[in-house]
Amino acid sequence: MSEGISTLERHLVIGAGPVGLAMAAALKRRGIPFDLVDAASGVGGNWLHGVYRHAHIVSSKKATEYTDFPMPDHYPDFPSADQMLAYLQAFAKERGILSSSEFNKKVTSAAPDGHGTWAVEFADGEKRTYKGVIVCNGHHWDKRYPEFSGTFAGEILHSKDYRGPEQLTGKRVLVIGGGNSGVDMACDAGRFGRSCDISLQTGYWYLPKTFLGRPLTDIPLWGLPIFLQRLILKAIIAVTIGDYRRYGLQKPNHKIFDRHPAFGTDLLNAIRLGRVKPRPAIDRVEGKTITFVDGTTGTYDLIVAATGFNTSFPFLRDGLVKVERGVVQVYGGAFPPGVRGLYIVGWAQARNGFGRLVTPLADLYARMIQLQDELTFPLGTLMETSFTQSLPTTHLVDPEKSRREIRMAHWILPFLKLRDRRMARNKLKAEKSRITARA
Ligand SMILES: Cc1cc2nc3c(=O)[nH]c(=O)nc-3n(C[C@H](O)[C@H](O)[C@H](O)COP(=O)(O)OP(=O)(O)OC[C@H]3O[C@@H](n4cnc5c(N)ncnc54)[C@H](O)[C@@H]3O)c2cc1C
C-alpha cells in the first residue's frame, strides 16, 4: 500500500492482470495516487493462475506486448504462459508498481458511501474508503457451463480448471466448444486421452496463425475497413485451409469477428490425423452416453466444457453497472452513467491481442480520471448526453479502430468540460426557478 496519502485521495485498482498493471502504470505516470490489489498471490492475472501451463498466446508478441514495453528479443512469435508471466512481472517491477500493490487481498464489496467516496471491504475483513474504484477483474474466471437435457454420469471439467494432459490420460473425452481453449484441449485429448470428440453447436472461423511466414496478427491488414479485413481473411482461409466442411466441420453461420475467431489450424490437423472427431450439438445425455442432434451417439468418461465465461462484478452492488449478454453497459468503454468514481476497464476483448490497445487506452482513462476532479457530473453521465456516444453492443473490440477513437478522444475532452459547465448552469437555473415557484 502506498504511504503518505490518505486512501480518501487514492483510487483502488482491482486486479493485477495485464489491464490492471497498464492502468496502474498510467496512473503513476500522471501522478494519480492509487493502490493495486489482487486476490491472487502476485501480478500476472490469468497468466499467473488462469491458464494451463503449456498454453501459448495466439496473438503474436507484437500484437500482445505493451506498446511502450517490448517483449524480449529472444521470445518466440507466440510466447508461452510462463514467458507472459515473466514479462508482466518485469513490467510491474520496471514501472515501480509493486510498492503500491497488495496480494492475497480480495475485494468482496465496493459501493458509493453517500459522501462522494467509495466504501471497500476485503475478504480478510478490512474496510477502507477510497476516492474511486478502477475495476480490472478480467473476463475469464466466471465459468459458463453447457446446458443439456439429462445428467452426465462421468466427470465434467471446465477449461478454466484444465492444468495438463494428465487430467485426460486414458479417458474418452468430449470437448464442448471450439474456441482457442477448446481447440487446445481437444488436441491434447486426441494425443493423451483414449479418444476425443469435439461437439460444436455452430461453425467457427479458424484463422491460420501465420501467413506468408509471419504471424497473421502482424500482417498490415488490421487497420483496414472491416469489410476489407473480412474479404482478405476469407481469401487467406480459402488458400491455406479451404472449406471447413471438408474437415467434417460446419460452415460458420456468422461473419468473421461477429464472434471471436479461433487462431490456428491445430484442430484441423488433429481431425485429419484421426485424433479428434467433430460432432454437432448435444441433443440429450443418459449416463455416460451422449446423443447428438444428428442422431449419432458416443460414450465418454470426461466432458471438457470449453464454453466460455460470464462477465460479472460480484463485489459491486446490483444496479451500479448493467451487463447485457456479456456486454457491459458503459460509455467510452469504461464509464457507467450516473456513477461517480467507478471505472470498468478491460471487460471487452481485443480481436487480435490486447497489446496495441491497452497502453494508449490506459493513458486516456488516467487522463479522464484526473479530469473527473474538475467536473460536477460523472463522466458517464456527460457522455450519455452526447449524440456521438452510444452504449456498446459487442464485447469484441477492433484495436485499430479503437486506437483512432482514442486519439480523437484526447481532442474531445475539453468539450466534455464545457458540457459539464453548461449542464451545471442549467441545473442551477432549474433549482432557482423551482425555489422561486415554491415561494
Ligand atoms: C487460455 C487463454 C489464452 C489466451 N490467449 C490470449 C492471447 O493470445 N492474446 C490475448 O490478448 N489474450 C489472450 N487471453 C485473454 C487473457 O484473458 C488476456 O490476455 C488478459 O489476461 C486479460 O487481462 P485482464 O487484466 O483483463 O484480466 P486477468 O488477466 O484475468 O486479471 C484479472 C485479475 O483480477 C483479479 N481479481 C478478480 N476479482 C478480484 C477481486 N474481487 N479482488 C481482487 N482481485 C480480483 C484476479 O485475481 C486476476 O488476477 C487468453 C486467455 C486464456 C484463458
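For the classes, Ala, Val, Leu, Ile, Met, Phe, Trp, Tyr, Cys and Pro count as nonpolar, Asp, Glu, Lys and Arg as charged, and the others, Gly among them, as polar.

## A word on the model

Residue numbers start from 1 along each chain, as its sequence is written. Since the model is predicted, local features need pLDDT of at least 70 and side-chain atom pairs count only at pLDDT 80 or more, while totals for chains, interfaces and linings use all residues.

## Around the ligand

The ligand has 33 residues around it, and the closest are Gly 15, Gly 17, Gly 45, Ile 57 and Gly 138. To be near, a residue needs its C-beta atom, placed from the backbone, within 6 Å of the molecule. This shell divides into 16 nonpolar, 15 polar and two charged residues.

Helix 1, helix 2 (46-49) and helix 5 (180-192) each give the shell at least two residues. Helix 1 provides the largest share, three residues.

## Helix 8 and its partners

Helix 1 (residues 18-29) also packs against helix 8 (residues 355-372): their axes come within 8 Å and cross at roughly 50°. The two are therefore oblique to each other, and the crossing is right-handed. Contact residues include Ala 22 and Ala 26 of helix 1, and Ala 362 and Tyr 365 of helix 8. Eleven of the residues in this contact are nonpolar, one is polar and one is charged.

Helix 8 also meets helix 10, with axes that come within 10 Å and cross at roughly 25°. Helix 8 and helix 10 are therefore roughly parallel, and this crossing is left-handed. Among the residues in contact are Leu 357, Leu 361 and Leu 364 of helix 8, and Ile 406 and Leu 413 of helix 10. This contact has ten nonpolar, two polar and three charged residues.

## How the angles are named

Axes are lines fitted to C-alpha atoms, for helices over the stretch in contact, with angles from 0 to 180 degrees between N-to-C directions. Under 35 degrees counts as roughly parallel, over 145 as roughly antiparallel, 65 to 115 as roughly perpendicular and the rest as oblique. A crossing is left-handed if the near helix is turned anticlockwise from the far one by less than a right angle, and right-handed if clockwise.

Notes: Helices (H or I, at least four residues) and strands (E, at least two) are DSSP runs, numbered from the N terminus. Two residues are in contact if their C-beta atoms, placed from the backbone, lie within 7 Å.
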